[in-house]
Amino acid sequence: MSFPDHRPPQDRPPRDGTPRDGAPQGDSEPPAIELTDLTVRYGSVLALDKVSLTLRPGRICGLIGMNGSGKSTLFKSIMGLVRPSSGSVSIAGGTPNRARARGLVSYVPQSEDVDWDFPISVREVAMTGRYGRQNLFRRASARDRAAVDDALERVGLTELADRQIGKLSGGQRKRAFVARGIAQGADILLLDEPFAGVDKRSERTIVDLLVAESTRGATILISTHDLSTLPSFATEAVLLMQRVLVHDTPEEALRPEHLALAFGVDVLGGGRSESSAPQRDPSGSSGVAR
């Protein structure tokens, strides 16, 4: 499925093919996400190896890598759900735990990480995004209810609001969790494979919502195996294989020689590739990936 290029002109690749500059780097505003030499181990298993990554407000970054490359661990590190072996994670200038407590970050997990039999409705899932704004007894205010109603309308689930979450289709389930992030008003949205197993309507709805959220200034990090549609909405992309191999425009990251670094094959053409490409980032610098 293809989409028109939703990105504003400044985020589209130049006609001559040269890499565009990175996001504006205002001194007064810290990066939305800043990882510095982040290393995560599960016992003897190395999940992330000295990952350094900076994402600015208002950007949509596609996260690309094969299964086992560390994508889910990266998300959980940003959320503060796993403890780094070394290195640091900064979210809007603070710690992940502080960002979560302030409701700055929302996470849409993979489907297998959710108990779909849990007795909770679609509306209640969206309402969990408002918990950080409620008192100890979690009583929903009129503002909370309005935010949830608006979020459900935007994802097209108003008529299914009272249905148990497990009774929805795969695409509807993903939209329900996107609604939670919208209701929360989070400035950072993390989505782990939101297009996996979803219908085309849900995919288009999610894409349109992500573009709208980035326009208001939200930072979005989204992992996906749907490489063909990524350039239509993402402003940058990261290739991950325990470490950052490439951080550049989607068009540059998806070059066959770069994909070969992450997948070991010519993903777009189906054959093997022996290319060894240099690391790049949106600022235009290059060097061998370490």
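**View 1. Helix H1 is mostly covered.** In helix H1, residues 71-79, seven of the nine residues are buried, where buried means under 20% relative accessible area with a 1.4 Å probe, counting protein chains only. Those buried residues are Lys71, Thr73, Leu74, Phe75, Ser77, Ile78 and Met79. Just after H1 comes glycine 80, with a positive phi of about 80 degrees. Helices here are DSSP runs of H or I with at least four residues, strands are runs of E with at least two, and both are numbered from the N terminus. A word on what you are looking at: this is a predicted model, in which local features need pLDDT of at least 70, side-chain atom pairs count only at pLDDT 80 or more, and totals for chains, interfaces and linings use all residues. Residues are numbered from 1 along each chain as its sequence is written, and side-chain values use heavy atoms, leaving out hydrogens and water.

**View 2. Strands S1 and S2 form a hairpin.** Follow S1 (residues 33-42) and S2 (residues 45-55): they run antiparallel and are joined by seven bridges. Strands count as paired if DSSP finds at least two bridges between them. Look for glutamate 34, which stands opposite threonine 54 in S2. Two residues lie between the strands, and glycine 43 in the turn has a positive phi of about 65 degrees.

**View 3. S1 also pairs with strand S4.** S4 covers residues 86-91, runs antiparallel to S1 and is joined to S1 by five bridges. Here you can find leucine 35 with its bridge partner in S4, valine 89. In a regular strand, side chains alternate between the two faces of the sheet.

**View 4. The largest pocket holds about 460 Å³ of space.** Of its 19 lining residues, Thr128, Gly129, Tyr131, Arg180 and Gln184 are the closest to the centre. Helix H2 (96-101), strand S5 (105-108) and helix H5 (170-184) are the elements that each give two or more residues to the lining. By type, the lining has nine nonpolar, six polar and four charged residues. A pocket is an open set of points on a 1 Å grid where a 1.4 Å probe fits, with protein on both sides within 12 Å along at least five of seven lines; lining residues have an atom within 4 Å of a point.

**View 5. The whole chain has eight helices and eleven strands.** Stepping back, 51% of the 290 residues count as buried.

Key: Buried means under 20% relative accessible area, exposed over 50%, partly exposed in between (1.4 Å probe, protein chains only). Grid points are joined across faces, edges and corners, and a volume is the space filled by probe spheres set on the points. Ala, Val, Leu, Ile, Met, Phe, Trp, Tyr, Cys and Pro count as nonpolar, Asp, Glu, Lys and Arg as charged, and the others, Gly among them, as polar.
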